[in-house]
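The following exercises ask for careful reading of a protein model. Each task is followed by a solution in steps.

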Amino acid sequence: MNEPKGDRRKFLARAGVATLGVGTASLFAGRAMSTTIVRPNDVGVIQTALALEHEGIAAYRIAGKSGLLSPGTLKLALVFMGHHQAHRDSLAKLVAAAGGKPVEPKTDSQYIAELKIGSLKTEADVVALATMLERGAASAYIGQITALKDPGLAKLFASISADEAIHWTTLNNAAGTPIPAAAYVFG
């Protein structure tokens, strides 16, 4: 299942191409959003999710500019960043439709300090950070699904959590870390 670390670049390049197909899932998420009714209690949950997407976008953007990533890994990071941008746009649209003001991203300096991006020295460090963030995002989305009152919104969160799980699995495998033997990885 895991490829040798020497084949990491090839794996990441192939994974980047494979994950492009995940983008088509956003077409279905858009359909689910068109029937979503955002209730006042859901806006806070959506805003928290939107803040997570801002963080993911910033992490991939900053890491991409760091010079630490090989071309294959950079390509994959850009694909994942694009997924996070699509998630951000969907969530911001829902907040605005509910009459709210979507939460703004923090500054790059804040993300660099909070995520300790300045301490990353190698591609492996970047992949480890991204893996941790993706696992946290998948778990966060899954944890909020039952708090949502609208089935369309719950479906959107489930779809986003699936994207995050794909990101985590891809990065975890690229790092050569085995998939956990225990079930409920994102519980």
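**Exercise 1.** Determine how helix α3 and helix α5 (residues 108-115) are oriented towards each other, and which residues form their contact.

*Solution.* Step 1: the two helices pack at an angle of about 90°, and their axes are 10 Å apart. Axes here are lines fitted to C-alpha atoms, for helices over the stretch in contact, and angles run from 0 to 180 degrees between N-to-C directions. Helices (H or I, at least four residues) and strands (E, at least two) are DSSP runs, numbered from the N terminus.

Step 2: the angle therefore makes α3 roughly perpendicular to α5; angles under 35 degrees count as roughly parallel, over 145 as roughly antiparallel, 65 to 115 as roughly perpendicular and the rest as oblique.

Step 3: α3 contributes His54, Glu55, Ala58, Ala59, Arg61 and Ile62, while α5 contributes Asp108, Tyr111, Ile112 and Leu115. Contact means heavy atoms within 4.5 Å.

Step 4: by class, this contact of α3 with α5 holds six nonpolar, one polar and three charged residues. Ala, Val, Leu, Ile, Met, Phe, Trp, Tyr, Cys and Pro count as nonpolar, Asp, Glu, Lys and Arg as charged, and the others, Gly among them, as polar.

The model is predicted: local features need pLDDT of at least 70, side-chain atom pairs count only at pLDDT 80 or more, and totals for chains, interfaces and linings use all residues. Residues are numbered from 1 along each chain as its sequence is written, and side-chain values use heavy atoms, with hydrogens and water left out.

**Exercise 2.** Describe the packing of helix α3 (residues 40-65) against helix α6 (residues 123-144).

*Solution.* Step 1: the angle between α3 and α6 is about 165°, with the axes 11 Å apart. Therefore α3 is roughly antiparallel to α6.

Step 2: the residues Val45, Ala49, Leu52, Glu53, Glu55, Ala59, Tyr60 and Ala63 of α3 meet Val126, Ala130, Leu133, Glu134, Ala140, Tyr141 and Gln144 of α6.

Step 3: this contact of α3 with α6 comprises eleven nonpolar, one polar and three charged residues.

**Exercise 3.** Check the span of α3 against its number of residues.

*Solution.* Step 1: the expected span of a helix is 1.5 Å times one less than its number of residues. Step 2: for the 26 residues of α3 this gives 38 Å, and the end C-alpha atoms are 38 Å apart, which agrees.

**Exercise 4.** Characterise the surroundings of leucine 91.

*Solution.* Step 1: leucine 91 belongs to helix α4 (residues 71-97). Step 2: its relative accessible area is 0%, so leucine 91 is buried; buried means under 20% relative accessible area, exposed over 50%, partly exposed in between (1.4 Å probe, protein chains only).

Step 3: leaving aside residues up to four places away in sequence, leucine 91 touches Ile46, Ala49, Leu50, Glu53, Tyr141, Leu156, Phe157 and Ile160. Step 4: leucine 91 and glutamate 53 are 38 residues apart in sequence, yet their C-alpha atoms are 9.0 Å apart in space.

**Exercise 5.** Examine the positive phi values of lysine 116 and tyrosine 184.

*Solution.* Step 1: most residues other than glycine have a negative phi. Step 2: lysine 116, which is not a glycine, has a positive phi of about 55°. Lysine 116 is placed in the loop between α5 and α6 and is exposed, with a relative accessible area of 56%. Step 3: tyrosine 184 has a phi near 60°, lies in the segment after α7 (151-174), and is exposed at a relative accessible area of 77%.
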